[in-house]
Amino acid sequence: MSTDHFKGKDALTHILEKKKEGLSGFSEVHGAEMPGHICAFADAMRESGFLLLLLWLILQLLHIQDFQLFIALAALAAPLIVWKTGRSACLGWSRLERLHRLIEQEKYEIEHHRDQEREELVALYSNKGFEGELLDQIVDVLMADSDRLLKVMLEEEMGLTLEAFEHPLKQATGALIGSTFAAICFLAILFLLPTIGPFLITFGLLAFGGAISAHFEKNRIIDSVVWNVAIAGLSCGLGYFLLKAIV
Amino acid sequence: MNFHLFPAIRGNVEIFDEFFSSNMDETISPFLTPSSRRWGKHLPLKATLIAAFFLILSFILSNPSLVAICLLFSYFFAGTHALIAAIDDLLNLEINIDILMTLSAFLSFLIGSGKEGALLLVLFALSGAIDERVRKKANHNLRALKALAPTKAYVLQKDQSLALYSVRAIKPGDQIYIRAGDIIPLDGEVVSGASSINLVHLTGENQPQSVDAGSEVFSGSTNIDGPLVVKVSHTSSDSTIARIIQMVAAAREMKPRMARFIDTFSSRYAKGVILFAFLFALAAPLVFQMDYLGPEGSFYRAIAVLIAASPCALVIAIPISYLSSIGACAKQGILLKGGSVLDALLKCRIFAFDKTGTLTEGNLRLTQVDAFGQTYDETQIFALASALERGAHHPIAEAICRAATDKKIAPLPLEEHKMVAGYGMQAQFEDKRLSIGNRAWILPKLTRPPANEILQKLDEVEKNGEVHTLFLFEDRLYLFTFEDIVREGIQKTLTTLKDRYGLELVMLTGDHEASAQRIAQQVGLTRYFSNLRPADKLDHITELAKKENLVMVGDGINDAPALARATVGISMGKEGAQSAIDASDVVLLQDRVDQLGWLLEKAHRTGHIVRQNIGLSLLAITFASTAALAGFIPLWLAVILHEGSTVIVALNALRLLKR
């Protein structure tokens, strides 16, 4: 056994470490398990709504006038949209680069450390309960085709799923739509119902975003909506009353 | 033999089994690191305590902004779950106390009574957290039982090697290998090997049985001293231990719902109050000269009624009364799993007792050594017998060693000391043979056939179901007989239960008829049932429960289904099996059965104070809400009346803390 390849560990420990690497590559950049443009949309919508509400509360405490308040928030909404969109694209490309590097690394290992890869396969499939002749046959078949072996190693060793990610630009478009939608809704309601509207629309956006995430993740929608609104309420309230206590 | 075992797989599967049997409790989630799992323990209680802390802080602070921050945190920690539960109930078209309390609490924030609303939520969350703990304890019961049943077994392969399989994958006809000291994982018939097995988990009687080829063995029993190869006769889902688990689960489902005032009353009360407040808010301005909005308006008064009618005192009156009693009982070494057990105790007219470990101490005591008419040197016999039995994990061996120690007799050094699995022990002492074990193994060792007198005596002992063993030294035979010891003072306790409270007392045991009769006579019981397996005990308890509510007092795993099925199950905490403790509602931590009289007295007193508190709470609610509705008193006074009644019932309940 090459200790260079396994870094002094056995094949099973090596596989577990690789799996962790793979999972870190897979982990969603927005903090939720649901990847893609829909997640980016829901997340950008919630964050933009929340930030605009917080800014509205702070600006009110600083005695900014009604029209000035509207202009200030509109001016703040524009960079917020650009920031959310750009950041989403940036994180998407960063993840894609990481995934490509992992594939390249695994391909190199398959080409240059075939014996160790074989050991890894034996450990992997032994761990799944295969043994004896059947195990040997499985390993032989997989080792015979490098492309298939690479796919198996990515999926089984690193826990990566192929063809599961959206292009960073598509993901960023989701974020662009989400933050723009939140900003337009917020500014429109601020114009129509300046006293209570911002609260209603923000909690509505949070509830909508929470419901979308819960729906796609197959989680309980009521829990997601209530927790999203409760956390936003607590955060905004904390910011508002702290500032009020100070000024 | 070769063992094929993959540690990583084994570890994960055990975690999954435990996780799923706990209804996916996050405190044992396989996705969390083991060190971080404890963060999820008692979350509702922790959240309630944090909410209570911020609420207290809001009363102390004077800056309105800081008070508002504290109230926000209090609402967040105590109210979020309540809000989710209320929305769930509403979606299920269910109007209940959850909705009334949550609605009142959040509406009170809107009309500027945030502290009262937060208080309502904290009290409600506290009550919920206590309920949650009781429910989790009940779930733990089945987990403990499942932990007893092995999840894996070594299956004998065609090439005579061994492979570790999940018991769920083992089919009838497969042969499994059971090591000495292991718990038998599946029911079956011994194919090869000889050993003693302890059926204490199944029958409650701590008396091992010898098994060899052809003997039937049951899952859940312990293989004591020799390896066995067993041909499996039932699948894991149909095994003896699985049936016990199913019985406990089913018995818990069948358990009569304990009397809880809030459960029966809350739904109608909540519907009535919400409907009334809603109608009042809409209709009052049409009938009376009143506005919809403003401090004198119908909406404001409707909200005031909702707050005044929130059963804050009711919610706290009952839990605090029971908590006080639970605390008082804990000081006496009696653990109550939930206060409503005390209610249920009052309704019981029958007390059923297990024999071994409950009415008796559960340990064997050597009662007699019969030398069949020969004179013998007691010191030598005890020194040799205890030397033979030293180190054996067998109740009979332990009783002999204990008897020798009591007599201050030291064991003698032996040679060629060895155990014959399933039969007994043998050794040499100064070139003389000595052995101890069962009749079938000892009698053929005699150089001449045993006298008729000896055979008659052995037949008699066996017929009476007395625990015994034979000791052979050279060619002289000694019969050791044992008995279980009756607990000290048990007769007086039973007489008190019978005479003072007029209870009917019954004994249920898996022991022989003769042994059961002897113990029943000693403790003064006239009604008893013997030769009962766990299923039989459960049947008897079910039959008795059809006539009256009853209490079951027991200690063994075999008692677990009956303890769960009884109206109230009481177990022994010191010597009792974990599954019995989990299945019961009351645990006597010091195994003092004589505390049953005190417990009954406490139950009577608790019932009395709970009734007082309910009356007081209802009176306060009725008065405050009627006055608020009519506009006779302002909202702040309604709130003071409301909270005042809460404090009074809490203080009244605290009286139960006294012994």
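**Note on a predicted two-chain model**

1. The structure is a predicted model, in which local features need pLDDT of at least 70 and side-chain atom pairs count only at pLDDT 80 or more, while totals for chains, interfaces and linings use all residues. Residues are numbered from 1 along each chain as its sequence is written, and chains are lettered from A, with ligands numbered from 1, in the order in which they are written.

2. Chain A has ten helices and zero strands, where helices (H or I, at least four residues) and strands (E, at least two) are DSSP runs numbered from the N terminus. Of its 247 residues, 33% count as buried, a residue being buried if 20 or more other C-beta atoms lie within 10 Å of its own, exposed if 12 or fewer, and partly exposed in between, with C-beta atoms placed from the backbone.

3. Within chain A, helix α3 (residues 37-61) packs against helix α8 (residues 168-192) at an angle of about 30°, with the axes 7 Å apart; axes are lines fitted to C-alpha atoms, for helices over the stretch in contact, and angles run from 0 to 180 degrees between N-to-C directions.

4. Between the chains, 17 residues of chain A are in contact with 17 residues of chain B. On the chain A side, α5 (114-127) and α10 (221-246) each supply at least two residues, and α10(A) gives the most, with twelve. That side of chain A divides into ten nonpolar, four polar and three charged residues.

5. Chain B has 23 helices and 23 strands, and 44% of its 659 residues count as buried. Its helix α4 (residues 97-110) has 14 residues and reaches 20 Å from first C-alpha to last, close to the 20 Å expected at 1.5 Å a residue, the expected span being 1.5 Å times one less than the number of residues. Ten of the 14 residues of α4(B) are buried, among them B:I97, B:D98 and B:S108. Just after α4(B), B:G112 takes a positive phi of about 85°.

6. Seven strands of chain B form an open, mixed sheet in the order β11-β23-β22-β21-β12-β19-β20, where two strands pair if DSSP finds at least two bridges between them. The edge strands are β11 (334-336) and β20 (528-529), each pairing on one side only. Strands β22 (residues 568-572) and β23 (residues 586-588) of chain B run parallel and are joined by three bridges, with B:M572 partnered by B:L588.

7. Elsewhere in chain B, strand β6 (residues 195-198) points B:S195 and B:I197 one way and B:S196 and B:N198 the other, and all are buried. Three bridges join β6(B) to the antiparallel strand β7 (residues 209-211), where B:S195 stands opposite B:V211.

Methods: Two residues are in contact if their C-beta atoms, placed from the backbone, lie within 7 Å. Ala, Val, Leu, Ile, Met, Phe, Trp, Tyr, Cys and Pro count as nonpolar, Asp, Glu, Lys and Arg as charged, and the others, Gly among them, as polar.
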